[in-house]
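Reader: Please go through this model and say what lies behind each term you use.

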Amino acid sequence: MKAVCWYGKEKLSVETVPDPQILNPRDAIIKVTSTAICGSDLHLYNNMIPTMAKGDILGHEFMGEVVETGSGVSNLKVGDRVIVPFTIACGNCFFCRKELWSLCDNSNPNARLAETFFGYATSGLFGYSHLTGGYSGGQAEYVRVPYADVGPFKVPDELSDEQVLFLTDIFPTGYMAAENCQIEPGDTVAIWGCGPVGQFAIKSAYLLGAERVIAIDHVPERLAMARIEGKAETINYEDVEDLHETLKEMTGGIGPDSCMDAVGLESHGTNLSASYDWIKNKTGLATDRLHVLRQAIFSCRKGGTVSVPGVYGGLLDKVPFGAFMQKGLTMKTGQTHVMRYLPTLLNHIQNGDIDPSFVITHRIKLSEAPNYYDIFEKKKDDCIKVFMKPDDLFDSTSTHVH
Amino acid sequence: MATAESALDPNSRNERLWRDSYETEVSEESKNAFKQSAKHSHHVSEKNVSEPERIISGIGGGALAAYGFSRGDLLGVGLIGVGALLLQRGVRGYCDVYNAVGINTAEKENMTSVKASAAVKVEKSFTINAPAEKIYSFWRKLENLPRFMLHLESVTETDQTHSHWVAKAPLGTTVEWDAEIVSDVPNNMISWRSAENSQINNAGSVWFKQAPGGRGTIVKVNLNYEPPAGKIGAAIAWLTGEEPSVQVQEDLRRFKQLMETDENATIKGQSTGRAKSTTKFDVNGD
């Protein structure tokens with residue numbers, strides 16, 4: 001089969017690799033009908049996430065058709081059309097039972113490695129480094145899906161791939177981020193980052209009852225999407241002298257009730273080693289790498305909530321923890337517990353509350369992926385979201401350059 | 001096999017051993033349950049690295065890790081790991097290798113330090129979301145053990161209390177020994193020890209206790225053993241990633257997976273864009 005393989009920083013290629021096999025009784029094999037490039041894939045593209053290995057298959061947003069099931073999978077049958085959550089979860093550990101699916105105790109075969117980084121291991125993820133299990137991902141023609149009796153979620157035929165694909169990650173991620181804002185009636189939510197997750201967070205904040213959403217970015221087409229699609233008020237941070245004062249002024253002096261960092265480590269980099277950080281502190285070297293998180297904490301109103309869907313991997317410098325403590329803030333974060341949100345969000349799609357395909361700007365063949373990683377990374381051609389189909393399933397008449 | 005009834009026979013030998021090893025832990029309130037384990041962890045917290053050595057270890061470790069990080073390649077990741085271990089050794093003043101080989105450079109300055117004993121001691125706990133009955137009976141069928149203890153090749157039960165163990169050793173060799181079950185309290189604990197003059201003298205116990213709040217069962221393993229090549233052998237094993245405590249931890253992790261999910265998480269055999277399915281990052285690699 002064809003698959004998008006990682007060979008180093010900005011080095012991807014579409015390779016012919018062996019078709020995946022059932023390895024465990026609870027596995028299934030999915031024939032991919034649609035997949036996508038996620039903003040968090042760019043962290044891998046830029047080699048910002050440790051423990052990537054040459055030849056790793058990327059991709060964690062994918063859906064398709066069940067073509068084979070292991071002996072332990074009884075809820076799926078060949079031919080079922082499913083979306084596959086990017087989080088891999090066993091369904092029976094303490095964490096899965098609490099619906100903390102992305103914290104599953106059993107699905108990461110590299111738990112020991114993850115423990116050295118985080119104290120405890122988090123769940124396996126598709127196509128996202130060996131720290132989260134080293135599972136081959138979904139930017140491929142076929143994928144092996146472990147614990148297939150837990151993750152894959154059947155979707156109705158009347159909804160198109162474009163409408164349901166983002167249930168795998170960015171829609172629930174934006175939704176959980178909005179839920180983590182603990183929105184109450186009358187609330188204003190400020191969201192840093194108008195990438196795909198930010199866009200879904202804007203819509204989700206309204207679905208969860210926010211009065212106002214203020215979206216912050218510097219990419220004009222992303223701000224335009226936030227305004228037109230998301231009905232958010234927008235701020236281009238490059239156009240304002242003092243973002244904090246601007247937010248304060250826009251909220252009658254009280255500040256946003258909740259502030260969301262939908263940017264994460266990439267825009268300002270990150271550091272991944274405790275020892276490195278230790279040395280850096282000792283020698284007085286400082287980096288300025290979590291600009292957004294600092295701003296979100298600083299600008300949040302007293303007693304408000306900071307929600308962090310943005311990905312972080314290591315240690316942070318100069319977090320304004322005094323402001324955080326003195327203002328009595330709450331912070332909520334984590335990888336998305338995708339399975340928890342699927343019935344609710346599918347319902348919203350079926351009711352016409354949201355059509356997740358609004359975020360797609362580019363529709364391409366799988367074999368074009370490496371080039372479009374570059375376009376997405378450099379935000380060329382007003383790229384916000386790249387939707388892909390395996391070459392043989394690609395219908396050129398549906399190609400649409402926005 | 002020593003059933004609950006025979007174990008409770010005051011005249012039986014098992015009962016005496018059961019009292020020795022079990023009574024203090026189980027017959028009292030749960031707050032005392034892991035009294036024995038507290039002694040062990042106390043031992044682990046002692047310092048065995050001297051002050052000047054700690055400083056050198058800490059600075060060197062930090063610098064090594066920083067260099068490793070700056071490389072940004074695979075070797076770099078390794079250097080970060082080694083650096084972090086040295087750093088940790090400096091901060092904690094405790095070195096697992098020193099403990100394994102019975103060295104204590106801090107002893108002169110800290111006369112209360114416990115000298116590392118002859119045997120390697122390991123103690124690990126996991127909470128498993130399953131009833132004690134299921135966990136105990138899987139474990140009690142000793143022939144199941146190689147399914148999650150990867151260093152074991154086979155366990156053969158010769159009668160109800162005796163068994164023959166074959167374990168993998170370096171360079172494709174094996175070591176074998178006979179063991180007997182010393183105590184067996186269904187759904188509560190099993191303890192065992194090797195026959196006299198075994199290739200590996202070892203003794204251990206596994207305890208099953210109900211976890212609070214419906215979380216299942218806490219499984220705790222205590223293991224003492226003298227490795228074949230003595231303590232130096234254990235130190236070499238530690239350097240090659242087969243440190244006993246890590247081995248027991250990973251065995252228990254696989255056991256938890258089996259009990260909770262009926263399989264072991266793996267990527268061995270998956271398709272990738274390289275010749276091998278796993279990489280050197282993968283704990284359970286090819």
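Author: K2(A) stands opposite T16(A) in β2(A). This is a predicted model, in which local features need pLDDT of at least 70, side-chain atom pairs count only at pLDDT 80 or more, and totals for chains, interfaces and linings use all residues. Residues are numbered from 1 along each chain as its sequence is written, and chains are lettered from A and ligands numbered from 1 in the order in which they are written.

Reader: What makes β1(A) and β2(A) a pair?

Author: Two strands pair if DSSP finds at least two bridges between them. β1(A) and β2(A) are joined by 6 bridges and run antiparallel, so they count as paired under that rule. Strands here are DSSP runs of E with at least two residues, and helices are runs of H or I with at least four, numbered from the N terminus.

Reader: Why are β2 and β4 of chain A called edge strands?

Author: The open sheet has 3 strands in the order β2-β1-β4 (chain A), with antiparallel pairing. β2 and β4 of chain A each pair on one side only.

Reader: Why is D19(A) called partly exposed?

Author: A residue is buried if 20 or more other C-beta atoms lie within 10 Å of its own, exposed if 12 or fewer, and partly exposed in between, with C-beta atoms placed from the backbone. D19(A) has 14 such neighbours, so it counts as partly exposed. D19(A) lies in the loop between β2 (11-16) and β3 (28-37) of chain A.

Reader: Which residues is D19(A) in contact with, leaving aside its neighbours within four places in sequence?

Author: They are M1(A), Y142(A) and S271(B). Contact is defined by C-beta atoms, placed from the backbone, that lie within 7 Å.

Reader: How many residues of chain A are in contact with chain B?

Author: 47 residues of chain A are in contact with 38 residues of chain B. On the side of chain A that touches chain B, α9(A) gives the most, with 5 residues.

Reader: What makes a set of residues a nonpolar core?

Author: The set holds buried Ala, Val, Leu, Ile, Met, Phe, Trp, Tyr and Cys residues joined through C-beta atoms within 7 Å. The largest nonpolar core has 120 residues, and I30(A) and M260(A) are among those with the most contacts inside it. Helix α12 (residues 338-350) of chain A gives the most to this core, with 7 residues. Another core, of 19 residues, lies apart from it and includes W165(B) and V182(B).

How values were computed: Two residues are in contact if their C-beta atoms, placed from the backbone, lie within 7 Å.
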